[in-house]
Amino acid sequence: MTPPPSGPVCAGASQYASYPSFSSYVRARGPVLLRTARSLTANPSDAEDLLQTALTKTFVAWERIEDHRALDGYVRRALLNTRTSQWRKRKVDEFACEELPEPTGLPEPDPAERQVLHDAMWRAVLKLPERQRQMVVLRYYEDLSEAQTAEVLGVSVGTVKSAVSRALGKLREDPELTPVR
């Protein structure tokens, strides 16, 4: 946002000394123009770069600008044109193609079928001995850990592990659940 440096560092710097009004213009109007640049970009650093580019274009055209009272409009137009050019040059990451790249997913299960499965599973759980049924319900329906299940039932973690293992074996063998596998 600062004007180009004076001295031999920048090309055309010798001309810069002949434009003292450009420097005062940048100092006076810079914050307002920066707000305009920020409204054109999402990133404050990009806004500063955008303003710097627009001010560079303004500096190059300084001799040709006849009405210096309209400088804000000139710089705003330079901001818009520069931003439009940047937008047009941006990298495009999406390409049109005949086939969709996403794999076709499995169709959503029918809600009625889900309910039938849920009912069959619940009937199978109800066939389990009471202690196994309690452990399966706490582990898989209530989503408790093995330690939490053991604590609730007042048994060891090993008891929960073995009882749940036997219960799952019985559920795998249940003829009502055979079509699910």
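## Y141 and its contacts

Leaving aside neighbours within four places in sequence, Y141 is in contact with M121, W122, V125 and V136, where contact means heavy atoms within 4.5 Å. Y141 lies in helix α6. Helices here are DSSP runs of H or I with at least four residues, strands are runs of E with at least two, and both are numbered from the N terminus. Y141 has a relative accessibility of 36% and so counts as partly exposed; buried means under 20% relative accessible area, exposed means over 50%, and partly exposed is in between, with a 1.4 Å probe and protein chains only.

The model is predicted: local features need pLDDT of at least 70, side-chain atom pairs count only at pLDDT 80 or more, and totals for chains, interfaces and linings use all residues. Residues are numbered from 1 along each chain as its sequence is written, and side-chain values use heavy atoms, with hydrogens and water left out.

## The chain as a whole

The chain has 8 helices and 0 strands. Along the sequence the pattern reads α-α-α-α-α-α-α-α. Of the 181 residues in the chain, 28% are buried.

The accessible surface of the chain is about 13000 Å², and 55% of this surface belongs to carbon and sulfur atoms. Accessible areas come from the Shrake-Rupley method with a 1.4 Å probe; for residues, only the protein chains shown count as cover. Among contacts between residues at least 6 apart in sequence, 49% join residues at least 24 apart.

## Helices α5 and α6

The axes of α5 and α6 come within 9 Å and cross at roughly 140°. Axes are lines fitted to C-alpha atoms, for helices over the stretch in contact, and the angles run from 0 to 180 degrees between N-to-C directions. On the α5 side the contact is made by M121, W122, V125 and L126, and on the α6 side by R133, V136, V137 and Y141. These residues divide into 7 nonpolar, no polar and 1 charged. In this division Ala, Val, Leu, Ile, Met, Phe, Trp, Tyr, Cys and Pro count as nonpolar, Asp, Glu, Lys and Arg as charged, and the others, Gly among them, as polar.

Within α6, the buried residues are Q132, M135, V136, V137, L138 and R139. Their cover includes α5, α7 (146–153) and α8. Just after α6, D143 takes a positive phi of about 60°.

## A nonpolar patch on the surface

M121, W122, L126, Y140 and Y141 form a nonpolar patch on the surface, and together they have about 470 Å² of accessible area. The elements that give two or more residues to this patch are α5 (111–126) and α6 (130–141). Helix α5 supplies the largest share, 3 residues.

Patches are made of residues with over 30% relative accessible area and no salt bridge; like charges are joined within 9 Å, and nonpolar side chains (Val, Leu, Ile, Met, Phe, Trp, Tyr) within 5 Å.

## Salt bridges

A salt bridge is a side-chain nitrogen of Lys or Arg within 4 Å of a carboxyl oxygen of Asp or Glu. By this rule the count is 5 salt bridges. One of them pairs R29 with D72, with the closest N and O atoms 2.5 Å apart. This pair links distant parts of the chain, since R29 is in helix α2 (residues 20–40) and D72 is in helix α4 (residues 71–89), 43 residues apart. R29 has a relative accessible area of 27% and is therefore partly exposed, whereas D72, at 16%, is buried.

E176 forms a salt bridge with R123 (2.4 Å, N to O). E176 is in the segment after α8 (157–173) and R123 is in helix α5, so this pair, 53 residues apart, also links distant parts of the chain. E176 is partly exposed, with a relative accessible area of 30%, and R123 is partly exposed at 40%.

K127 forms a salt bridge with E176 as well, and here the closest N and O atoms are 3.6 Å apart. K127 sits in the loop between α5 and α6, 49 residues from E176. With 55% relative accessibility, K127 counts as exposed. Salt bridges that share partners join R123, K127, D174 and E176 into one network.
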